[in-house]
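Please look through the sequence and the structure shown below before reading on. The briefing that follows is arranged by topic, so that each point can be checked against the picture.

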Amino acid sequence: MTHKTADDPGRADSTTAGVVGIDYPTPLPRFRGVAGADVDFPPIDNGLDYLVSVVEGLSRDDDDERPGPRDLKYAVLHLQAAAEVLLKARLEIEHWTLVAEQITNKKVTREKFQKGDFISIGPEEAVRRIRDILNEEITKDEADSLTTLTQRRNALQHYKMTTSYEDIEALTTKVLAFLLRFLHQSLLPKLSPDERERVRPDIAFVQAGANRLQRYVEERMELLAPELVGKDDCIVQCTECRQDALLVTGDNDDDSAQAATCLFCHATWTATHVATDYVLRLGGLFQHDVAPCPGCGRTQTVVRHVVRSTEWKRNPDPTSYPVFDSVTFCFGCAAPTTTADVPAPRSAS
């Protein structure tokens with residue numbers, strides 16, 4: 001799999017690229033080709049590097065062949081390591097003592113912690129502390145998946161593991177879905193802007209690799225289903241990952257405000273940028289091709305031929321162009337506009 005570095009100024013903030021069947025340019029991880037460099041892996045960087053190894057190991061090769069047993073072995077080992085490191089990283093951000101197993105033990109000091117000279121908690125206790133002390137959500141299904149992954153890792157590390165490819169794929173992609181959610185919702189908001197920018201290429205690489213895993217895509221969309229309920233009018237297809245998960249919230253005439261966020265791949269845009277992206281990537285028409293939005297009066301945020309999830313659900317046939325070409329949408333107002341002047345459907349290209 002070939003990865004190239006590319007920046008897209010059209011989005012307000014995007015940390016993802018790639019989806020099943022699509023190979024968008026993806027920034028390379030930072031830890032490639034640095035010959036002779038010192039070993040320096042802070043917790044979040046360390047966890048992300050493990051995840052880079054995981055998505056590489058789970059990816060199919062250029063002939064679409066599934067990964068072999070050795071790739072799956074290290075995917076299990078490195079995914080469990082990533083989970084443990086990233087959970088503890090969140091606790092350490094809150095306070096370093098939350099990572100220590102017995103903080104009442106007088107032998108546990110800050111100096112020893114910084115040297116790694118202490119006994120840390122296990123993943124199950126990390127989950128408990130994140131839930132009970134930090135009051136952050138980790139669902140029962142997510143916690144159960146982490147427990148199963150730890151059991152698989154322990155069997156593999158200390159004795160043996162005999163299981164199917166499908167079992168490993170299902171488990172690893174479920175945990176991967178959780179860790180990417182945890183990264184975006186729990187870890188990244190706690191980092192400084194400089195720190196977020198430092199890890200951006202690694203997250204982009206991991207997200208792109210994860211998006212290429214069909215089971216991961218299905219798992220993520222299933223998990224997102226409750227968040228999409230009742231929001232059909234403001235959910236459209238994401239131009240980045242192509243999933244029906246782009247939640248448009250609008251910008252109230254503030255051109256610099258975030259107006260759209262993909263619940264699947266976490267990319268974000270301003271209203272003008274997402275409208276432009278829709279035209280460039282998904283073939284919509286805007287500005288001189290549509291009337292100004294009756295709600296906000298702007299044209300630069302209005303796009304014709306926007307794909308809405310409700311339209312796909314009504315008629316998933318991709319050859320039925322009148323269905324998904326019939327929506328004119330304003331990303332500034334987060335709502336469809338008049339469809340009275342819709343032109344004749346285009347032929348498939």
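**Briefing on a predicted model**

D253 and R298 are joined in a salt bridge, with their closest N and O atoms 3.6 Å apart. The two partners come from distant parts of the chain, since D253 belongs to the loop between β2 and β3 while R298 belongs to the loop between β5 and β6, 45 residues apart. Please keep in mind that this is a predicted model.

- D253 counts as exposed because its relative accessibility is 52%, and the cut-off for exposed is over 50%.
- R298, in contrast, counts as buried, because its relative accessibility is 10% and buried means under 20%.
- R298 also forms a salt bridge with D251, and here the closest N and O atoms are 2.8 Å apart.
- This pair, too, links distant parts of the chain, with R298 in the loop between β5 (285–286) and β6 (302–304) and D251 in the loop between β2 (246–248) and β3 (258–262), 47 residues apart.

- Within helix α2, R90 and E94 lie four residues apart, which is about one turn of the helix.
- The side chains of R90 and E94 meet in a salt bridge, with a distance of 3.3 Å from N to O.
- R90 is buried because its relative accessible area is 2%, which is under 20%.
- E94 has a relative accessible area of 43%, and it is therefore partly exposed, as this value falls between the cut-offs of 20% and 50%.
- A89 is also found in helix α2, and with a relative accessible area of 4% A89 is buried.
- The C-alpha atoms of A89 and I44 are separated by 6.4 Å, although these residues are 45 residues apart along the chain.

**Salt bridges in the whole structure**

- How many salt bridges does a search of the whole structure find? The search finds 14 salt bridges.

**Aromatic rings**

- A pair of aromatic rings is described by the distance of the centres and the angle of the planes.
- The count of aromatic pairs in this model comes to three.
- Y278, F329 and F331 together form one aromatic cluster.

**A charged patch on the surface**

- Which residues gather in a patch of negative charge on the surface? The patch is formed by D61, D62, D63, D64 and E65.
- D62, one of these residues, is found in the loop between α1 (43–58) and α2 (69–94).
- Is D62 buried or exposed? D62 is exposed, because its relative accessible area is 71%, which is over the cut-off of 50%.

Terms used. Residues numbered from 1 in each chain as written. Predicted model: local features only at pLDDT ≥ 70, side-chain atom pairs only at ≥ 80, totals over all residues. Heavy atoms only, no water. Patch = residues over 30% accessible without salt bridge, like charges linked within 9 Å, V, L, I, M, F, W, Y side chains within 5 Å. Areas by Shrake-Rupley, 256 points an atom, 1.4 Å probe, with all protein chains shown as cover. Salt bridge = Lys/Arg side-chain N within 4 Å of Asp/Glu carboxyl O. Lys, Arg positive; Asp, Glu negative; His and termini not counted. Charge placed at Lys NZ, Arg CZ, Asp CG, Glu CD. Helix = DSSP H or I, 4+ residues; strand = E, 2+ residues; numbered from the N terminus. Buried < 20%, exposed > 50% of the residue type's maximum accessible area, 1.4 Å probe, protein only. Phe/Tyr/Trp six-rings, centres within 6.5 Å; stacked < 30°, edge-to-face > 60°.
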